[in-house]
Amino acid sequence: MVAGEVSGDMLAARLMAGLRPHLPNARFHGIGGPRMLEQGMVSDVPIETLTVRGLFEIIPRYREIKGIQNRLRDRLLLDPPAAFIGADYPGFNLGLEEQLRAQGIPTVHFVSPQIWAWRGGRIKKIKRAVSHMLVIFPFEEAIYRAAGVPVTYIGHPLAEMIPLAPEVAAARESLGIARDARVVTVMPGSRMGELKYLVEPFIGAVKLLAQRDPNLVFVVPMAGERQRAYYTEIVNKAGLADVKVELVDGQSHAAIAAADAVLVASGTATLEVALFKKPMVIAYKVMRASWEIMRHMGYQPWIGLPNILAREFLVPEYLQHAATPSVLADAVWRQLDDPAGREALARRFTDMHHSLLRNSAEASADAVLRVIGRKK
């Protein structure tokens, strides 16, 4: 198994939990994060080694990452596993899966690349690389069936992990926040590339919001010590060290549950916020050269998962140069000042939650067991 970032680690860990009762003596190895390690994973390389964001950002590290891929491939070919499972991270996993499948090793890919959003031509490579695709959004199943790729819709694990009715009071108590406070949670991302481009505009927006209402409480969850140190470095360089925020280690779900509105980087976190039924403002920024290429490759007008699932702009998105502190602050303020809009949004997000709710651990484990011939 290989996961390349936090979301893949979470997804793969749930799959492992689903497989354990059926394969109690199975050995899991490859590359994984803390949640996979808790399930008994033996990780050959720290998951952080693979974390890269953007098209051009990978160039300086291409040889290093390619070397990891080649060494893992050679080891798996020498001692073939019952199956290889790639958890998201398609740039790394699909190439590895294609080589392994060509040598007779069954391959399962968990989480479809966003071929419905951009780079749809990858379906040809996926068909060569993947023995079975596990998809987490209902509309993806038909795409793969039409392309002749075996597929199973398993629901989204986050829909099971996050309660249908979030416990706001308990979350605020766990974070030491007053029940009657107005709270904005700020989520500039868990990857260094996200922090590099989003911390400054996000904290700049916080400064402007605090000027409008000095009683606002701002919570910023940090994925780890490296992220906290990098965040602090960026804030100091930008001259924003005087902006008052509560940095919390982990606890991202508590931070979202406690919020009245969330300022969030595009990615899986936007779906988490939707499942917690919270209004949000989504932002996305990358290296300029990467953006110039990516903006011409999209097939649809949305980047945030809640908007993609709804097929409309339920919540605002600001991309690249449009994601300025003043624009972000205005958008968050409008949400804070619109109780009727927040209630309507919560109803839409509740419907979305139900549509994604399945027993994903059991469904994904069942598909893997069929792939390896342990179940008909």
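Visitor: Which does Ser-266 count as, buried or exposed?
Guide: This is a predicted model, in which local features need pLDDT of at least 70 and side-chain atom pairs count only at pLDDT 80 or more, while totals for chains, interfaces and linings use all residues. Residues are numbered from 1 along each chain as its sequence is written, and side-chain values use heavy atoms, with hydrogens and water left out. Buried means under 20% relative accessible area, exposed over 50% and partly exposed in between, with a 1.4 Å probe and protein chains only. Ser-266 has 11% relative accessibility, so it counts as buried.

Visitor: Which residues is Ser-266 in contact with, leaving aside its neighbours within four places in sequence?
Guide: Ser-266 lies in the loop between β11 (261–265) and α12 (268–275); helices (H or I, at least four residues) and strands (E, at least two) are DSSP runs, numbered from the N terminus. Contact means heavy atoms within 4.5 Å. With those sequence neighbours set aside, the partners of Ser-266 are Glu-194, Ile-282, Ala-283, Tyr-284 and Ile-303.

Visitor: What does Gln-320 count as at its relative accessibility?
Guide: Gln-320 sits in the loop between β13 (317–319) and α15 (325–336). Its phi is positive, about 50 degrees, although Gln-320 is not a glycine. Most residues other than glycine have a negative phi. The relative accessibility of Gln-320 is 9%, so it counts as buried.

Visitor: What does Gln-251 count as at its relative accessibility?
Guide: Gln-251 also is a non-glycine residue with a positive phi of about 50 degrees. Its place is the loop between β10 (246–249) and α11 (252–257). With 40% relative accessibility, Gln-251 therefore counts as partly exposed.

Visitor: How are α9 and α10 oriented to each other?
Guide: Helix α9 (residues 192–212) and helix α10 (residues 225–237) pack with their axes 9 Å apart, at an angle of about 45 degrees. Axes are lines fitted to C-alpha atoms, for helices over the stretch in contact, and angles run from 0 to 180 degrees between N-to-C directions. Angles under 35 degrees count as roughly parallel, over 145 as roughly antiparallel, 65 to 115 as roughly perpendicular and the rest as oblique. The two helices α9 and α10 are therefore oblique.

Visitor: Which residue of β9 does Thr-185 stand opposite?
Guide: Strand β8 (residues 183–187) has 5 of its 5 residues buried, with Val-183, Thr-185 and Met-187 on one side and Val-184 and Val-186 on the other. Strands pair if DSSP finds at least two bridges between them; β8 pairs with strand β9 (residues 217–222) in the parallel sense over 3 bridges. Opposite Thr-185 stands Val-219.
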